[in-house]
Amino acid sequence: MTEIVVSFNPILIFIAVILTIMASYTALDLFTLIKSSDKNQRFLFLGGTFSLGIGIWIMNFIGMVAININASGNYNIPLTVLSVVFGISFTGMAFNTVIDRQPKTSYLVTGSFYLTMAVLSIHVTGMYAMGMNVQFDPVVFFISTLLIFVSFFFSLWMLFYSKNLAYSKHVWIKPLSALIITGAIVEGYFLLIRSSSFYSNGGIDKEGAAPETFLIYLVFFAAILILSGLIASSTLISKRLDASDSHLRDIQAALDESSIVAITDPKGIITYVNDKFVEISKYEEKELLGKNHNILNSGYHPPEFFRELWKTIGSGKIWRGEIRNKAKDGSYYWVETTIVPFLNKKNKPYQYVSIRTDISALKSAEANLKDSLKEVNDIKFALDQSSIIAFTDEKGLITNVNDKFCEISKYSREELIGQNHSILNSGFHSREFFKDLWKTIGQGDVWKGEIRNKAKDGTYYWVHTTIVPFLNDKGKPYQYLAIRNDITERKKTEEVLHRQDKLAAVGQLAAGVAHEIRNPLTSMKGYTEFLQLDETNEERQEFLNIILDEIERVNNIVEDFMVLAKPKAVELKEKNIIPVIKNVLSLVEFDARKRKVKIHFEYEKDIIQIECDENRLKQVFLNFVKNGIEAMPDGGDITVRASIINNQVQIAIQDTGVGIPEEKLKNIGEPFYTTKKNGNGLGLMVSFKIIESHNGKVYIESELNKGTTFNILLPAKSA
């Protein structure tokens with residue numbers, strides 16, 4: 001066995017180094033693309049493993065060819081293929097250990113060990129493939145192996161474990177990394193050569209070197225083709241991924257312009273924020289990185305809110321919602337948030353991406369809208385409690401009413417919707433009144449006034465009305481709002497005051513005139529009676545009787561005036577009203593028969609006690625009964641009823657006469673207003689005043705051609 005003297009061919013060594021750099025760069029390019037690709041990870045890993053494995057083999061194979069060996073040998077193809085398999089296998093195991101794993105020293109040591117084994121296996125197997133025996137100096141071999149291991153350890157640490165350099169976006173990082181890996185491979189080659197002694201198994205055959213040389217260059221050419229193919233495929237993949245990256249960069253740019261973006265690790269620690277996040281939070285980027293989102297907690301949301309959030313994204317689901325955050329300067333802002341979990345192969349989140357949109361202005365607008373709606377609802381509630389509300393369209397058809405409208409009109413909401421207000425027309429107001437109303441609101445002006453309406457049950461009520469037109473863009477009304485207030489009691493009070501004013505005027509007249517009239521009447525009556533004593537002529541005697549009757553009639557009118565001018569003090573005594581009424585009816589019975597009028601008296605009890613001035617009540621009953629008789633020129637019936645209702649005595653005097661028109665009925669009882677040809681209106685006025693002095697009330701019901709009923713209500717006396 002002959003020891004081989006080793007010498008190097010510098011050109012081949014240079015070519016080997018260049019090819020190794022190309023293979024390393026291609027491998028690193030493919031490995032770094034694994035992290036940004038989801039669909040092609042296996043293809044990229046296999047391509048990177050194959051490229052770097054070939055690179056290690058090329059360095060050793062061409063390095064062996066570069067040695068000027070003065071001996072012949074048979075080149076063993078199977079062992080050469082085996083050395084390639086060793087290189088690719090150990091390279092794959094090395095990068096499978098360190099890529100896409102949590103940074104641990106054990107992974108780094110294991111990966112460096114596998115790469116060292118790739119270099120050693122290719123070197124030793126390659127020597128035997130060329131028909132040489134190798135002997136290693138143990139000390140030098142150990143030191144060489146250790147140096148190779150340390151070189152790979154540093155390379156892998158810098159590429160995959162250094163926080164500042166790992167997967168860096170700098171353009172120079174991949175070329176530098178390829179040079180470091182190549183340096184480790186070349187260093188391993190030369191150290192192993194220095195620690196080895198080579199011996200040939202046969203003699204030297206310089207003549208037979210050509211076939212081996214041809215084979216060597218053939219393999220060399222194939223290696224170049226393989227590397228060229230790998231570089232070409234890497235370039236194509238890079239272009240595709242660059243296009244994808246460009247698309248992603250466009251999306252990211254759009255997001256950065258429109259949204260607030262943050263990325264956190266599985267524990268919620270912030271690893272990335274964009275400029276808009278910094279802008280809205282008022283924190284600097286370095287103040288946010290490494291922190292969690294508690295730094296922005298405004299205290300608005302309860303702990304359960306965030307527990308539910310983490311429960312959702314922790315299970316791999318997307319969470320959406322609104323969050324109020326607190327900026328560095330203490331101000332608050334609202335964000336519409338979408339948190340997307342990114343899952344690993346075990347379906348566990350390895351990071352979260354939060355995309356937020358500033359909705360502070362929207363939330364402020366919502367708050368203002370809520371306040372406005374609350375104010376509107378409060379106003380609506382106040383109106384509903386105090387007023388009668390109705391909406392109509394431009395044609396006057398009712399579109400909505402409140403409960404008070406239904407309550408006062410006695411109609412249901414369903415009966416009112418779709419109708420116009422003529423359903424409530426009482427007939428009190430003229431057509432010109434409503435024409436003027438519609439003219440006012442039709443031209444966009446507000447109308448105010450008082451209207452008497454008629455309820456469903458036929459009763460009347462007064463409302464003070466304000467009608468507000470709502471105008472469209474063209475200045476034309478598209479709906480009307482009518483706000484009404486019930487003034488029925490006020491109108492009644494006004495009517496009473498009006499009547500009292502008339503009574504006061506009559507009283508003043510009576511005070512000034514009654515005494516002046518009464519004195520001449522007394523003289524006239526006395527002289528007329530004196531003339532009657534000596535008068536024997538029957539015709540003149542009749543004339544004198546007529547004069548006395550008229551004087552008595554005038555005297556009664558004066559008496560009524562005196563009552564108005566100075567009402568007599570009422571002396572109330574407890575009486576049974578039944579005999580009093582019977583006594584009055586007996587006084588008018590003869591006159592009633594002459595007029596073909598039948599009188600009926602109905603009462604529930606024989607004794608109905610009240611406190612009254614008997615003579616003055618007789619005057620009232622007599623007046624009402626006489627009016628009833630006179631209202632039936634062709635005869636009829638008068639029915640008097642006495643009953644006790646709700647601790648009040650009700651005396652109803654009903655006739656079957658001609659009745660009183662509705663427009664006149666409201667004026668009954670006013671001074672000098674009468675429905676009779678020869679009446680003066682003072683009788684009913686005095687009667688009403690007498691009943692009022694007894695703490696009672698009188699109300700009249702009448703229907704044309706059916707009759708009239710005078711209802712007298714007096715307080716009942718407890719037995």
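Guide: Start with Y283, which sits in the loop between α8 (275-281) and α9. Helices here are DSSP runs of H or I with at least four residues, strands are runs of E with at least two, and both are numbered from the N terminus. Y283 is buried, at 14% relative accessibility. Buried means under 20% relative accessible area, exposed over 50%, and partly exposed in between (1.4 Å probe, protein chains only). Y283 lies 45 residues from K328 in sequence, yet their C-alphas are 5.9 Å apart in space.

A word on what is shown: this is a predicted model, where local features need pLDDT of at least 70 and side-chain atom pairs count only at pLDDT 80 or more, while totals for chains, interfaces and linings use all residues. Residues are numbered from 1 along each chain as its sequence is written, and side-chain values use heavy atoms, with hydrogens and water left out.

E285 is partly exposed, with 40% relative accessible area. Together with E257, D275 and E279, E285 makes up a negative surface patch. Patch members have over 30% relative accessible area and no salt bridge; like charges are joined within 9 Å, and nonpolar side chains (Val, Leu, Ile, Met, Phe, Trp, Tyr) within 5 Å. Asp and Glu count as negative, Lys and Arg as positive, and His and the chain ends are not counted. Each charge is placed at NZ of Lys, CZ of Arg, CG of Asp or CD of Glu.

Charges also pair. Side chains of opposite charge can do so when their charged atoms come close. A salt bridge needs a side-chain nitrogen of Lys or Arg within 4 Å of a carboxyl oxygen of Asp or Glu. That rule gives 16 salt bridges. Take α10 (residues 303-314), which holds both R307 and E304, three residues apart, about one turn of the helix. These two form a salt bridge, with the closest N and O atoms 3.1 Å apart. R307 is exposed at 52%, whereas E304 is partly exposed at 46%.

E415 and K456 make another salt bridge, 2.7 Å from N to O. This pair links distant parts of the chain: E415 is in helix α13 (residues 413-416), K456 is in the loop between β11 (447-454) and β12 (460-471), and 41 residues separate them. E415 is partly exposed, with 31% relative accessible area. K456 is partly exposed too, at 45%.

R595 and D591 meet in a salt bridge as well, at 3.7 Å from N to O. Both ends are partly exposed: R595 at 37%, D591 at 30%. Elsewhere, salt bridges join E322, K363 and E366 into a network.

Move to helix α11 (residues 360-386), where K380 lies. K380 is partly exposed, at 48% relative accessibility. From K380 to N402 the sequence runs 22 residues, while the C-alphas are 9.9 Å apart.

The surface has a nonpolar patch as well. V139, V140, F142, I143, L146, L147 and V150 form it, with about 610 Å² of accessible area together. Such areas come from the Shrake-Rupley method with a 1.4 Å probe; for residues, only the protein chains shown count as cover. V139 is part of helix α5 (residues 138-161). V139 is exposed, at 56% relative accessible area.

Now look at α18 (residues 614-630). Its 17 residues reach 24 Å from the first C-alpha to the last, close to the 24 Å expected at 1.5 Å a residue. The expected span is 1.5 Å times one less than the number of residues. The buried residues of α18 include L617, V620, F621, F624, V625 and I629. R616, N623, N627 and G628 are among them too.

Most residues other than glycine have a negative phi. N647 has a positive phi of about 65° although it is not a glycine. N647 lies between β17 (636-645) and β18 (648-655), in the loop there, and is exposed at 54%. N705 likewise has a positive phi of about 65°. Its loop runs between β19 (697-703) and β20 (707-715). N705 is exposed, at 68% relative accessibility.
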